[in-house]
Amino acid sequence: MFSGTRNMTLYDRVLDVNIDFGDTHTTSVLAFALFYSIDYVFRTFQPEIKDVQSTYALTRFRNYSISVIHAVISGLSSLICLCAYPDLVYNIIESENVFAYHIMGFATGYFVHDIYHNICGGVGLRSLEIILHHITVLTCFFVVSSYRILVCYALFGLLMELNSIFLHARQVLIFLNIAPRSLAYRVNAVANISAYQIDDFVSSLIRD
């Protein structure tokens, strides 16, 4: 996915040859293995949800739970990277950072696993829009990493995962039969709105 041997991009831009991309493939593979292992744990110790006979319900519960974990890691990592390396924002087209490539590698492992999870879980047709979304994102990551441009845009996209944390968590609560009037459900609802506002505010600060 990532190559450190190419010295020029589509725009004949001289790249930083000191950046080593050798470990980014490993990051993707390890991310896939991580989410596969987490899913195995969920399959082994699956909780009692609304319809225990429904394969679709069980698959979606595991899927949303894994999505929460991915959203936390990718969202926070993207935020830290954008704040710690302001050059990415000052030059959103040409700036690059090895940490950012590893974040993309981690997200790549998740998206590949999620495609695998939906297809092998028997819910591929019901999740067709999700699979198409993941393929689109992976295509964008491929373009970014191949030409080593627009890295900042990729991080901004992953930054939206911060809001997805609570969107996915809401689905998990529903599968666990948590009442909408319960404290956990209400706290998650407030956190969802707050995360969206904070994410929008932080994005505006970074852009400015």
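Author: A salt bridge here is a side-chain nitrogen of Lys or Arg within 4 Å of a carboxyl oxygen of Asp or Glu. This is a predicted model, in which local features need pLDDT of at least 70, side-chain atom pairs count only at pLDDT 80 or more, and totals for chains, interfaces and linings use all residues. Residues are numbered from 1 along each chain as its sequence is written, and side-chain values use heavy atoms, with hydrogens and water left out.

The structure holds three salt bridges. Start with Asp 39. Its side chain meets that of Arg 62, N to O, at 2.7 Å. Arg 62 sits in helix α2 (residues 55-84) and Asp 39 in helix α1, so the bridge ties together parts 23 residues apart in sequence. Helices are DSSP runs of H or I, at least four residues, numbered from the N terminus.

Asp 39 also pairs with Arg 43, with the closest N and O atoms 2.8 Å apart. Both lie in helix α1 (residues 24-44), four residues apart, about one turn of the helix.

Now burial. Buried means under 20% relative accessible area, exposed over 50%, and partly exposed in between (1.4 Å probe, protein chains only). Asp 39 is buried at 3%. Arg 62 is buried at 12%. Arg 43 is partly exposed at 33%.

The remaining pair is Glu 96 with Arg 148, at 2.8 Å, N to O. Glu 96 lies in the loop between α3 (87-90) and α4 (98-120), and Arg 148 in the loop between α5 (128-147) and α6 (151-159), so this bridge ties together parts 52 residues apart in sequence. Glu 96 is buried at 16%. Arg 148 is buried at 1%. Shared partners join Asp 39, Arg 43 and Arg 62 into one salt-bridge network.

Definitions and conventions. Helices (H or I, at least four residues) and strands (E, at least two) are DSSP runs, numbered from the N terminus.
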